Amino acid sequence: MFARVESAALHGIDAFTVQIEIDLQQGAPVWTLVGLPDTAVQESRDRVRTAIRNSGLYFPLLKLTVNLAPADVRKEGPAYDLPMAIGILAVSEQVPLDALEGTLIVGELSLDGGVRAVNGVLSIAMHARESGKRRLIVPQANAAEAAVVGGVEVYGVETLLDAVQLLINPAHKSPVRVDVDALLRQPAEYEVDFAEIRGQEQAKRALEIAAAGGHNVLLIGPPGSGKTMLARRLPTILPPMTLEEALQTTRLYSAAGLLPPKTGLMTTRPFRSPHHTTSYAALVGGGSIPRPGEISLAHNGVLFLDELPEFKRDVLEAMRQPLEDGVVSVSRVQAAVQFPARCMLVAAMNPCPCGFYGDTHQTCQCSPTMIRKYLQRISGPLLDRIDIHLEVPRLKQDELLTLQAGESSAAIRERVVRARERQLQRLRPYGIVCNAQMSSKLAREHCPIGEDARGYLRMAVQRLGLSARAYDRILKIARTIADLEGSDAIQLPHIAEAVQYRSVDRRFWGGG
């Protein structure tokens, strides 16, 4: 007897079909598993055999050969357990062979016949729809995630027996349905709010501009000035995610095994805050089996790097290309994969090792040489890729006691959403959603400025020694400021405000 069951595997965050071929012949009861299986797949023989028997089903005591095709691609993980078991039951005539047509199956088996969740089911569901499958059988814990896709009937099973009964009598179980629009309409819940921050009006204004245009931000200030508080509240003023953004983010978290339980779709923008001891592969992505790193897990959200100079130099330099291109390419001998990485970078740092250089409250204990070495941990090319540089001074005690609570995140978010809508109307034909994503060509096309503004900008470039990349970023920031004000044209005040966000770093790193 021969049976073929279709399953799927991940390449990065994209899925491809894996055909599981099962052949049963007379002979000694030996199970041969071929097709470049890794250790987890090899061990599936014991899991599948035990799960079949503990489910009250018959495991054939004959010569069994299982091939995982394509045979030249390494198979990893336990997601082939359930389709293997179904195939073995099909060749032993416990499941009808014709029930397997048009069906894609994934799932891990426990020894008692239970079906455990696996990674990457959203991508697998999208692949099943694109390849014309009519039915997808997944673990019950992954059913809501798969049903988000639509266009394919999704069935969640809790046990091997559930899957068998479904294949024998499909009418006894209904496919899982998910209201995607209802999920997207749910308001994001945050434990923090901008209203909790007293003072720091310039910093809050800069973060509003950053949120409106998707710009990267560097916050420089002494300990206790509120840099981390400000950064952690940035997601609360970002616009709601679109369906496409939610699907992209969910695919990444699903492939990485980080999707919260029973979550069909991630509708809250991610906020990732890795520690400064994070390795190169953990931040950018990689490993022997390439996995998305923190910069990809922050896709469509915020990547917050606190104590920026404490990160290893090679780790920071590796972010230059992803910040520019919005994608991470990970090459290995076996394969090369790409992960999306279009996030907002928010970095915070002290101005010197002790943290009090330029502080009016406490005297700095660092020598000029120490300060210079500390600041030189951040390279010029990386600074150039950060749009907004902002000094965050520490508030005085009387200011903390007398200043009123700030504007709420909801009020700020309304302005940000309106500005993003203007950008989307302008940039949708180019496949981008915000000003920060514009290329140099688009920036010059959609950021026209008058002669007075041009003269001011030319003078600023000469005095500050700005690069061509910094020039383009000033135009993009000015375009965002104009969008926040509902202005079609970029005026001189917009350019002047944008320039000040590119001049603060010259106080610390010097001109040039």
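This is a predicted model: local features need pLDDT of at least 70, side-chain atom pairs count only at pLDDT 80 or more; totals for chains, interfaces and linings use all residues.
Residues are numbered from 1 along each chain as its sequence is written, and side-chain values use heavy atoms, without hydrogens and water. Local features need pLDDT of at least 70, side-chain atom pairs count only at pLDDT 80 or more, and totals for chains, interfaces and linings use all residues.

**View 1. The buried side of helix 15.** Helix 15 spans residues 368–375; helices are DSSP runs of H or I with at least four residues, numbered from the N terminus. Ile371, Tyr374 and Leu375 are buried here (under 20% relative accessible area, 1.4 Å probe, protein chains only). They share one side of helix 15 because they cover an arc of only 90° around the axis, taken from the directions from the helix axis to the C-beta atoms.

**View 2. The largest pocket.** A pocket is an open set of points on a 1 Å grid over the protein atoms alone, where a 1.4 Å probe fits, with protein on both sides within 12 Å along at least five of seven lines. Its volume is about 1,100 Å³, the space filled by probe spheres set on the points. The lining has 44 residues, each with an atom within 4 Å of a point. Glu245, Arg342, Val433, Cys434 and Gln437 lie nearest the centre. Helices 10, 14, 18 and 21 each give two or more residues to this lining.

**View 3. The second largest pocket.** Its volume is about 760 Å³. Of 29 lining residues, Leu10, Arg74, Glu76, Ile289 and Arg291 lie nearest the centre. Strand 1 gives the largest share, four residues; strands are DSSP runs of E with at least two residues.

Technical notes. Buried means under 20% relative accessible area, exposed over 50%, partly exposed in between (1.4 Å probe, protein chains only).
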